[in-house]
Amino acid sequence: MKTMTATPFDYAFDLATTALIVIDMQRDFIEAGGFGAALGNDVTRLQAIVPTVARLIGGARAAGLMVVHTRECHRPDLSDLPPAKRDRGNPALRIGDPGPMGRLLIAGEPGADILPELAPAPGELVIDKPGKGAFYATGLSGALQARGIRQILFAGVTTEVCVQTTMREANDRGYDCLIVTDATESYFPEFKAAAIAMMTAQQGIVGWAAPSDAVLEALDA
Ligand code: C5J
């Protein structure tokens, strides 16, 4: 087992049983003209973490970790998009409507793609998910079990929505979860801080948190 300094206390992990899950680093959330911008958000906050996420993915690959990427997106016929989800947001620009990067949050459209600088390597698992959590209605659980994964490192966007939801799902499934604090971001800095504080409070009620430097140092040690 390796150990890294983390909040609220040291995090123990084994390279053979640890996965890095990178949540929704998609053009639709991070570039102008996408779904996140259609909701009125400032996407530049999210753009700022891209080099850190790239460094983290590089370190995980070099250490031999399982690397998983997720994309929040829906089928072109919208059959996996509940009206409750479609009807919220900007009524003039909803999921499935055409935008500058194709139909918003639709699988196969340019906006649903992962940023080219964070593109999955051949053989890495890519999970398309219709919900905020990556375990809901996907094959993630089976894929992690098949690899014997027991610890999960989390990066991606947005901290308090898809990252937090997935980390909570994973915690309930028995994984030791750690969020990499500078490899995740929110459109709302106060929500990011609150999400990390909530998850690590009460002796790590949902999991641990550590910055990428600590994670990369531990992976390399
Ligand atoms: C949102 C996500 N914020 N990936 N999705 O709708 O966090």
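Let's start with the ligand. Around it stand Asp24, Phe29, Glu72, Lys132, Val157, Thr158, Val161 and Cys162, each with a heavy atom within 4 Å of it. By class, that shell holds four nonpolar residues, one polar and three charged.

A word on the basis. This is a predicted model, where local features need pLDDT of at least 70, side-chain atom pairs count only at pLDDT 80 or more, and totals for chains, interfaces and linings use all residues. Numbering runs from 1 along each chain as its sequence is written, and side-chain values use heavy atoms, without hydrogens or water.

Now the polar contacts, meaning pairs of N or O atoms within 3.5 Å. A ligand oxygen is 2.9 Å from a polar backbone atom of Thr158. How much of the ligand does the protein cover? The answer is 91% of the 230 Å² of accessible area that the ligand has on its own, by Shrake-Rupley with a 1.4 Å probe.

Next, the site. The ligand sits in the largest pocket, with more than half of its atoms within 2 Å of the grid points. A pocket here is an open set on a 1 Å grid, where a 1.4 Å probe fits, with protein on both sides within 12 Å along at least five of seven lines. Its volume is about 500 Å³. The lining has 25 residues, with Phe35, Glu72, Lys85, Lys132 and Val161 nearest the centre; lining means an atom within 4 Å of a point. Helix 7 gives the largest share, three residues.

How values were computed
A polar contact is a pair of N or O atoms within 3.5 Å; within protein, one must be able to donate a hydrogen and the other to accept it, and residues adjacent in sequence count only if both atoms are side-chain atoms. Ala, Val, Leu, Ile, Met, Phe, Trp, Tyr, Cys and Pro count as nonpolar, Asp, Glu, Lys and Arg as charged, and the others, Gly among them, as polar. Grid points are joined across faces, edges and corners, and a volume is the space filled by probe spheres set on the points. Helices (H or I, at least four residues) and strands (E, at least two) are DSSP runs, numbered from the N terminus.
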